[in-house]
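Okay, thanks for coming, everyone.

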Amino acid sequence: MFKRKLLILGGVLFLGLALSVNSFAKKVDLKEPYKIGCLFAFTGPASWLGEPERRTAVWIEDKVNKAGGINGHPLKLLIEDTKGDPTAAVLAAKKLLKEGVLAIVGPSTSGESMAVVPIMEEAEQILVSCAAAEAIVHDPKTDKERKWIFKTPQKDSHVVQKIYGHMKKSGIAKVAIITDTTGFGAQGREQLKKYAPEFGIAVISDETYGPKDTDLTPQLTKIKGTEAQAIVNWSILPAQTTVMKNRIQLGITIPLYQSHGFGNTKYAAAAGEAAEGVIFPCGRVLVAEFLDKKHPQKKLLVEYKKAYESQHKEDVSTFGGHALDALNLVVAALKASGPDKNKMRSFIENKKGFVGTGGIFNFSPTDHTGLGLDSLEMLTVKKGKFDLYKK
Amino acid sequence: MDKKDSLTLLILTVCLVIFPFIVTNTYYISTMVFVGINGIIAIGLSLLMGYAGQISIGHAAFFGLGAYTSAVLTAKLGFHPWGAFFLGILLSSCIALIIGIPSLKLKGHYLAMATLGFGEITYIVFNELTDITGGPSGIGDIPKISLAGYTMNTDIKYYFFVWAFLLLILTFSLNLIHSRIGRALRSIHDSEVAANAMGINTGKLKIQVFMISAVFGSVAGSLYTHYVTFVSPSSFGLFFSILLVMMVVIGGMHSVWGALIGAALLTILPEFLRALKDFEIFVYGSVLLLIMIFLPRGLIGGLEYLFNRLIKKV
C-alpha cells in the first residue's frame, strides 16, 4: 500500500517536474522561426546561376540570425534544388508551400519561374523570382502585373535602351546584332528589334549562334560586309567570347557592345585582349570598388563582394546579387509587417528607395520589377578587369 | 490479358483510389501526377523496346510534340483543349509514320542514332521556331482542361484524370501483348529473321508499334501541358529521352508493369532524396547502379524472382 502511494507521488512529482521543465524551456526558446523557401538550380545546366544564389542566400540567413533574427524570430531558409528543370521546380514549389513557407525566392531561370508562377498565383503566396524575363511578372493577356509575383533582375528592355541611348549619343545609326539561341539571347533579340526605331537606329544585320558554336567568322564576315557602325553581341554563353576574338581576327574595328550577360569575370578572362574596350551596361556589383563613396549602393556592394569573395574564393557575379535583393526584400517585408502575406505583399508592392545590388528598387502596382534605367552603368574592360566606362 | 494481370490491375486501381484519401498532402499527390504522366510514356516505350526490340533515344520528341500542340493551339490560337489533344495525337502518329518507315529498317546502334537525331531535330525546332513555339522562353498561361463539366484545376482532380488515362492505356497494352500482335512482336524481339520466315510482316508491325508508342507519348505531353500550364524546350531534350529509356530498363524491359514501376521509381526517388541535399546525386546514381548490377532483369524481374522463391518455400 505504502509502496503504491510512494509510486503515485513519485509519478506526480515527476510529471510536475517534466511540465515545469517543459514550460521553462519554452520561455528560453526563441520565437518561432520564419520560414522562407528558396528555389535555386544549383545542379544541372543552370548551376552557374543557382550556386552563387544559394551561397548568397545562406550568407544572408547567417547574417540575419547573428543580428538577432527578424523581430526576434530566427530566419529559416528551406532551399530546394530545381536542377534547371521546370518539372522539378513545380514539385519543389509545391513541397515548400506544404511546409508552410511565408514566401519563395527564385527560381533561377525564366523557364522554371514561368512554370512556378501559376502555382504561386493560385496559392496566393509571394514569389520573388531571380530570373529576367518580363513575362514572369507581367501577364501579356491582361497587360497587368501579376499580383503575387515580383522579380529582381533588370529588364532586358532597359539594357537595350541603355545601349541604344549610348549609341545615339555617339552618332551611331546603323547596327548589326548577333545573339545566341538561348532564352536570354532570344529575348534580347526581340527587344533589340523592338526598340531600334524609337532611337532612330536601323538594325541592318541580324545573326544568331548556338551554344556549342566554336567558329563565328561566317556570321561576322557577313556583318563586315554591311555598313554597320557598331555590333551588339547579346549572349549569356561562353560562346560570346568567340564573337569578340573572331572580330579581332577579321580586323573589324567598329565598336562592340555586349549585353549584361557579359558580366562575369570568367568571360572577360576567356576573351583576353579581345575584350579590351568593349562596352556593356550592367548592374554595379562588378565595379563596387570604383563607385563614388557617397553612392547609396556602395556600402552594400562592397560588403557583399568582400564577404562572398573571401568565403568562396570566387569572383562575385550579378546573379548571386539577384538572390540577395530578393531575400532582403522578403526579410524587410517580414520585419515591417510580420508574417501576414497580404501585408507583406502590399509592403513590397509599395516599397520605394530599396537599396539592392541590382540598383535602387521603386516598386509600384504597375511595376513589379522596380528598377529603372539608372540601375545600369556603362562598363568596359580595361587590362582584363571590369571598369566604369568614361568618355 | 491473363488472370494475374487482371488481378494486379484491380489491386492497383483500388490502391490508386484509396491513395488520395490516406495521403492528403498535395505535394505527394502532384508527384503521383508526374508518375502517371511518365508512366504513360514509359509503357509506350516498353512496348517498343521490350516487346518489339526496337530502341528509341528520341521519345521525348513525341512527348514534346503532344505538349507543344496542346500549348500552341490552346494558348495562342484559342482551340478547345480536347481538340488540341486529338490533333496532337494525330500529328505525333503521322510523324512517327514518316520517321518510322526509313528508320525502322535500321537495327541496333544505327536505329538508336536515327532516333537520337530525330529527338535532337525536334528539340532544335522547339527552340528555333520562335514565332510559333515561343523559342527558349516557352509558352505560358495555358488554359486548364475540363471533362464532363469538371475543370481539372486541383491536384486531386488531375491525379484521378491522369491515372484514369494510365489505367486505360495499361489495359490496352496488356491486351495487346497477349494478342496475336503481341506474340508477333515478341518473335521480332527474339529473332527478326525467324519472325519473317514465319510469315510475319515485321516491317509493318514495327511501324505500328512505333506509332502506338508515339501516341502514348503525345497523350502524356498534352496531360503535362494542361497540368503545368507552361512548356519550354528544356523539358523535352535528350536528357529526358534517356531518362525514359532508363525507366524502362530499370523497371524491367520485358514487361509493361516494369515500365510503370521504373517510371514510379525514377520520378519519386529524386523527390525522396531531396532530404540528402548535396549527396542526392551520389545516392541516386548508386541506387541505379546497384539495381543494374544485382537485378539485370530490372525491378520487375527481381520481384518475380523473389515471389517465385517465396512460393516454392511455402
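Let me start with the wording on burial: buried means under 20% relative accessible area, exposed means over 50%, and partly exposed is in between, with a 1.4 Å probe and protein chains only. By that scale Lys382(A) is partly exposed, at a relative accessible area of 45%.

Quick housekeeping. This is a predicted model, so local features need pLDDT of at least 70 and side-chain atom pairs count only at pLDDT 80 or more, while totals for chains, interfaces and linings use all residues. Residues are numbered from 1 along each chain as its sequence is written, chains are lettered from A and ligands numbered from 1 in the order in which they are written, and side-chain values use heavy atoms, with hydrogens and water left out.

Back to the salt bridges: how many does the structure hold over all chains? The count is 21. One of them pairs Asp141(B) with Arg146(A), at 3.1 Å, N to O. That pair crosses between chains, from a loop between helix H6 (130-133) and strand S1 (146-147) of chain B to a loop between strands S6 (144-145) and S7 (149-151) of chain A. Helices here are DSSP runs of H or I with at least four residues, strands are E runs of at least two, and both are numbered from the N terminus. Is Arg146(A) buried or exposed? Buried, at 7% relative accessibility, whereas Asp141(B) is partly exposed at 28%.

Then there's a pair inside one helix. Asp62(A) and Lys66(A) form a salt bridge at 3.3 Å, N to O. Why are they about one helical turn apart? Because they sit four residues apart in helix H2 (residues 47-66) of chain A. Lys66(A) is exposed at 70%, and Asp62(A) is partly exposed at 42%.

Last stop, Gln191(A), in helix H6 (residues 183-195) of chain A. Gln191(A) is buried, with a relative accessible area of 7%. Leaving out residues up to four places away in sequence, Gln191(A) touches Glu134(A), Asp156(A), Ser157(A) and Val160(A), where contact means heavy atoms within 4.5 Å.

Definitions and conventions. A salt bridge is a side-chain nitrogen of Lys or Arg within 4 Å of a carboxyl oxygen of Asp or Glu.
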